[in-house]
Amino acid sequence: MEPALIKSRALKLIHDPTMTIGLFLALLLGGVTILGGWLVPHDPFQINMNNRLQGTSFDHWFGTDQLGRDVFSRIIYGAKLTIGLGVFAIMIAVVIGVPIGLFSGFIGGRVDAFLMRIVDGILSFPDFILAIAIAGMLGPNLTNLIIAIVLVRWIVYARVVRGLVLAEKEKEYVLVSKVSFSSAFKTIRMHLIPQILPDIIVMAAIDVGKVILLISAFSYIGLGAQPPIPEWGAMLNEGRSYFQVVPSLMIYPGLAIMLTVLCCNLLGDGLKNYFDIRKRRG
Amino acid sequence: MRKTLSIVASRLVQLLIMVSVLSFVTFVLMKVTPGDPIRDLLNVDDVVATKADEEKLKKEYEFDQPILVQYGKWILNVMHFDLGESIISKRPVIEMIVSRLPATIALTTGGMVVLFLLSISFGTLGAVYEGRWPDFISRWVAMLGASIPSFWLGLLLIYFFSLKLNLLPVMGKGTLAHFVLPSITLGVAMAPMYIRLLRERLISTLQSPYIEAARARGLTKERILFLHALRGSLIPLITMFGLSIGSLIGGVTVIEILFSWPGMGELIVSSVKQRDYPVIQGYILIVGFLVVITNLIVDLLYLVVNPQIKQGKETV
């Protein structure tokens, strides 16, 4: 890409206020996630019963919890876990779902129709309940929750990608590529993937937010991260008997979840505008 | 009539596929899981279990048989409306779930009322003042609503309205006041999607010829909006409701736990914690049934409000 083109695209990206706020939040959260270990002022697991349920102070910015642990350190440390797992789960779902959707849509035929019938049947079932059932059968903990999320989410990507491929497949440039003796693999790589990539990126950005909401909700109801893991939803669960005494135990972890999900939604919306997805799809 | 029958048939096929695939997957998962449900059960009371006890229980729950045999037996029982009995409480699963159903439906209805009020007001606001500051507010309400964890919103509401202001009960079920906070929480969690959808529909409806004609006839702005445009834009929302009944059942689970609401969601979460497999299996079956039946009703309603489909002019 020429420098001038890169510059004009970057300007277009920043010009959108949605995207600017989204990018700012992403930089902040990304920085905290990566540098988390060096940023924490206290050991997030250090119990200190003499110092429990303290309010905000110079030493403890967000106060301390029922076991005297520093809430600020736990939230920063938890960012790595909550955001990292959300991104990781969606990455795996994309890596499994997209190729299957690509080939199923490209090859088509009866097998494709049969598979999609089953997929539609599963997809109309609530994903939250399916995740509960899978996590329930495997046993409630964080690893099994991630397995459950991947098992549920990859199907969505396969379904969406297949639909996009079916629509693109009939267009002339794919036909041209086919009659010029390109292999199926080459046609998919050279023509279809660049066409559907923006849709996948937008979907994945919004999905990371959804998965973070799901992980924290599961941890809150006790089916996800177990104490003393400082996952944000688990922190809310652990501290829920003490909210009346120390409201900061309730405020900060929830705020962290909301800002992270907001960031994902803003980025998703901003990217949707940037790629002009609605216009391209008519 | 033929159209109606074909809709019913295709929904029944969907129900069969959904339930058989999902129940089979959960059966297999149960089998491959390292922890043994029988040993879990025996260890509950911290009594040392003998090998004979274990064998006896395994026979009782038929865990000693091959998985396909177990699955086949379960399917046969389901056909007789028998979902087995809970490992923990020994009560019939179907009775346990059905007795929880009214509480969940009541809460869901409350949530729908809030959802309806929110989407109509903010959706209309966004469409009528498109591109101006009320539209901006509508957009941010939807954006924040989609980003806030519902259980956290519930916690904040409890904190301010119950603990600080002492206006509403904290949890449980009984009076109408108990409905307020859980319904708001559920409604806000579901609303963003509907606000955006209604706004978009309304914008395109307001540009359509029949609205132009109404304007030309000299009808007032309010009359056009509420009598004509809004009514036309609500039809797609019906379909949307069918599609989101699943996330409604999922979303209500967390809210039931938060407010100690004695519904189905509370039952399933405690069953998962105790690994009460028959209850989990039965729950999947009943949720699948509810989702498909709701969609069937939505399909048929759509047929009533939009007779074009019946004449085959439009496909569902």
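Is Arg162(A) buried or exposed?

## Basis of the model

This is a predicted model, in which local features need pLDDT of at least 70, side-chain atom pairs count only at pLDDT 80 or more, and totals for chains, interfaces and linings use all residues. Residues are numbered from 1 along each chain as its sequence is written, chains are lettered from A and ligands numbered from 1 in the order in which they are written, and side-chain values use heavy atoms, with hydrogens and water left out.

## A salt bridge in chain A

Arg162(A) is buried, at a relative accessible area of 11% (buried means under 20%, exposed over 50%, partly exposed in between, with a 1.4 Å probe and protein chains only). Its side chain meets that of Asp112(A) in a salt bridge, 2.8 Å from N to O (a side-chain nitrogen of Lys or Arg within 4 Å of a carboxyl oxygen of Asp or Glu). Asp112(A) is likewise buried, at 6%.

A network of salt bridges also links Asp127(A), Arg153(A) and Asp207(A). Over all chains, the count comes to nine salt bridges.

## Salt bridges in chain B

Arg11(B) and Asp299(B) form a salt bridge of 2.7 Å, N to O. Arg11(B) counts as buried at 17% relative accessibility, and Asp299(B) counts as buried at 13%.

Arg100(B) pairs with Glu266(B) in a salt bridge, with the closest N and O atoms 3.2 Å apart. Here Arg100(B) is partly exposed, at 21%, and Glu266(B) is partly exposed, at 26%.
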